[in-house]
Amino acid sequence: MRITSYTIEGDPILNDVVYKNGVIKYTYDSSRDKHGGKAKGKYKTQCKKIETREITGDGDGDRTEYILTGCEEIIGTHDSDNEEIYILNKWK
């Protein structure tokens with residue numbers, strides 16, 4: 001599955017999620033971000049689980065978050081304190 005988001009300037013950020021043989025392979029690709037600075041590039045990791053979280057009443061609107069947990073490395077859009085990688089928000 002490929003999820004494409006865009007920066008404020010309109011540059012694509014690619015998130016690829018592949019499930020095979022009980023392993024989730026995740027790739028975060030910001031290499032096309034013209035304003036991404038030195039950190040832009042293509043990063044890969046493996047994760048154990050995709051989880052969902054229902055968020056209500058926090059000011060950003062009600063939504064479902066899709067996150068990766070149990071990852072070898074924390075890359076891309078993430079919460080390093082909770083060791084979660086955010087892959088998608090679905091607003092209600």
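Residues are numbered from 1 along each chain as its sequence is written, and side-chain values use heavy atoms, with hydrogens and water left out. Because the model is predicted, local features need pLDDT of at least 70 and side-chain atom pairs count only at pLDDT 80 or more, whereas totals for chains, interfaces and linings use all residues.

The protein chain contains 0 helices and 8 strands. Both kinds of element are DSSP runs numbered from the N terminus, with helices (H or I) of at least four residues and strands (E) of at least two. In sequence order the pattern is β-β-β-β-β-β-β-β. The radius of gyration of the protein chain is 14 Å, close to the 12 Å that the globule rule gives for 92 residues, so the chain is as compact as a globular protein of that length. This radius is taken over C-alpha atoms, and the globule rule is 2.2 Å times the number of residues to the power 0.38. The C-alpha trace spans about 35 × 35 × 25 Å along its principal axes.

Of the 92 residues in the protein chain, 35% are buried. Here buried means under 20% relative accessible area, exposed means over 50%, and partly exposed lies in between, with a 1.4 Å probe and protein chains only. The accessible surface of the protein chain comes to about 6,300 Å², and 46% of this surface belongs to carbon and sulfur atoms. Accessible areas come from the Shrake-Rupley method with a 1.4 Å probe, and for residues only the protein chains shown count as cover. Among contacts with a separation of 6 or more, 29% are made by residues 24 or more positions apart. A contact means heavy atoms within 4.5 Å.

Four of the strands belong to an open sheet with the order β1-β2-β3-β4 and antiparallel pairing. The edges of this sheet are β1 (2-6) and β4 (42-47); each has a single partner strand, so one side of each is left without a neighbour in the sheet. From one strand to the next the twist averages 15 degrees, with axes fitted as lines to C-alpha atoms (for helices over the stretch in contact) and angles running from 0 to 180 degrees between N-to-C directions. Two strands are counted as a pair if DSSP finds at least two bridges between them. Strands β1 and β2 (residues 12-20) run antiparallel and are joined by 5 bridges. Within this pairing, I3 has N15 in β2 as its bridge partner.

The loop between β3 (23-29) and β4 holds S30. S30 is buried, with a relative accessible area of 6%. Leaving aside residues up to four places away in sequence, S30 touches I13, A39, K40 and G41.

Further pairing involves β8. Strand β6 (residues 63-69) is joined to β8 by 6 bridges in the antiparallel sense, and R63 stands opposite W91 in β8. Strand β7 (residues 78-79) also pairs antiparallel with β8, over 2 bridges. In this pair, H78 has I85 in β8 as its bridge partner. A hairpin is formed by β7 and β8 with 4 residues between them, and E83 in the turn has a positive phi of about 55 degrees.

The structure holds 6 salt bridges, each defined as a side-chain nitrogen of Lys or Arg within 4 Å of a carboxyl oxygen of Asp or Glu. In one of them, D16 pairs with R2, and the closest N and O atoms are 2.7 Å apart. This pair links distant parts of the chain, since D16 is in strand β2 and R2 in strand β1, 14 residues apart. R2 is exposed, with a relative accessible area of 52%.

A salt bridge also joins the side chains of E84 and R53 (2.5 Å, N to O). E84 is in strand β8 (residues 84-91) and R53 in strand β5 (residues 49-55), 31 residues apart. E84 is buried at a relative accessible area of 8%, whereas R53 is partly exposed at 28%. The salt bridge between E54 and K92 has its closest N and O atoms 2.4 Å apart. E54 lies in strand β5 and K92 in the segment after β8, so this pair ties together parts that are 38 residues apart in sequence. E54 is partly exposed, with a relative accessible area of 47%, and K92 is exposed, with 67%. Salt bridges that share partners join R53, R63, E65 and E84 into one network.
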